[in-house]
Amino acid sequence: NKSKFSLSPPLHSGNSSGDFNHFPGDPEFGDIIQRAEQAIEGGVFPERISQGSSGSYFVKDSKGKILGVFKPKSEEPYGHLNPKWTKYFHKLCCPCCFGRGCLIPNQGYLSEVAASHVDTRLGLGVVPKTKAVYLVSETFHYNTIDRAKSRGKKYALEMVPKVGRHFHRVGLPPKLGSFQLFVEGYHEADYWLRRFEAEPLPENIRKQLQSQFERLVILDYVIRNTGVCVRVCVCACAIQIAAIDNGLAFPFKHPDEWRAYPFHWACLPQAKVPFSQETRELVLSRLSDMNFVQDLCEDLYEMFMADKGFDKTMFEKQMSVMRGQILNLSQALKDNKTPIQLVQMPRVVVERSRTGGQGRVVTLGTAFTQTFHCKRPFFSSW
């Protein structure tokens, strides 16, 4: 049976990424990707984003409107085609300080996609829709060999059509990566936080901000995000938070080396307010249900196993951390704790037991074992 999260292209791929970008369960998203592909074929190429430590691109439609942000797997910080040379020398000259030792390298794009899936399953609505796609563009970072092959095949097709027709692919090879829908009208969270300090919010907007903040906390804590970029949109009658950068989540262990990678929202005044009844009603029943948690883990397994570098043992460690986060969060919600009290709780790892727990109905006592993670990073504020 083919996984619904399959990332592998057909063995005989055609000349464009459109040959294997199929989203039968989400035709609206599929239409957006098709518009992006048509724009690229028409000469409106993705534009590389200058910020960040890896190759990421604004993808546009034929009129130049930004549709989404594409982050190729091969251009991640540890990727062999990362165009940011400063990061290459950082890794070469100071490897002990490069990257995050608690994360699996070259899984950033999967982390982005998985965060979107967790957001959807919990009904949080703070992550713009993100899926794994294949795209081809001259503006992506390719090595010299790939570009030379592409030129040679195009020349052969023009000069000797009979030979050229036997090529499985004529252009550059498609790149696999995460595609996140672009959110318009949003500013960096710091921008609005400074405004809110100078201009107090109306009570109804303040409550909306608190609700959105709590949803962000839920997401970040469950996936153990070690670095997130948050944008906020404010209009006359509503406020909306977008967690747009989730490529540094799903660690296989709690940070325990040099840096703690704390949740930066823990220092905000909103973190001192207990979780609302609205938030508890939204997620607590699901988070407390080990069968829901197991279904979520199985969804992520299908998603992660489609990657060529998948390691089942490491994946299980990632899920052990996530289950521990969910266990802590469930207890914090039951005890009416605040987000700052949540991050101060002992760190837990919930591992699958070697015996039992193979069926669909599972319980914590019979299927999993709970252990506390006591080792602390050298620089830690918690």
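Helices here are DSSP runs of H or I with at least four residues, numbered from the N terminus. Keep in mind that this is a predicted model, where local features need pLDDT of at least 70, side-chain atom pairs count only at pLDDT 80 or more, and totals for chains, interfaces and linings use all residues. Residues are numbered from 1 along each chain as its sequence is written, and side-chain values use heavy atoms, leaving out hydrogens and water.

**First stop: helix 6.** Select residues 189–198, which make up helix 6, and show the side chains of Trp-192 and Phe-196, four residues apart or about one turn of the helix. Rings of Phe, Tyr and Trp (its six-membered ring) pair if their centres lie within 6.5 Å, and planes under 30 degrees apart count as stacked, over 60 as edge-to-face and the rest as tilted. The structure holds 15 aromatic pairs. Trp-192 and Phe-196 are a stacked one, with 5.9 Å centre to centre and 25 degrees between the planes. Are these two buried or exposed? Buried means under 20% relative accessible area, exposed over 50%, and partly exposed in between (1.4 Å probe, protein chains only). Trp-192, at 10%, is buried, and so is Phe-196, at 15%.

**Next: Tyr-301 and Phe-310.** Their ring centres are 5.6 Å apart and the planes meet at 80 degrees, so this pair is edge-to-face. Tyr-301 is partly exposed at 27%, and Phe-310 is partly exposed at 22%.

**Last stop: charges over rings.** A charge sits over a ring if NZ of Lys or CZ of Arg is within 6 Å of the ring centre and within 35 degrees of the ring normal. Select Lys-131 and Phe-29: the charged end of Lys-131 sits over the Phe-29 ring, 5.9 Å from its centre. Then pick Lys-175, which lies over the face of Tyr-142 at 4.8 Å from the ring centre.

How values were computed: Helix = DSSP H or I, 4+ residues; strand = E, 2+ residues; numbered from the N terminus.
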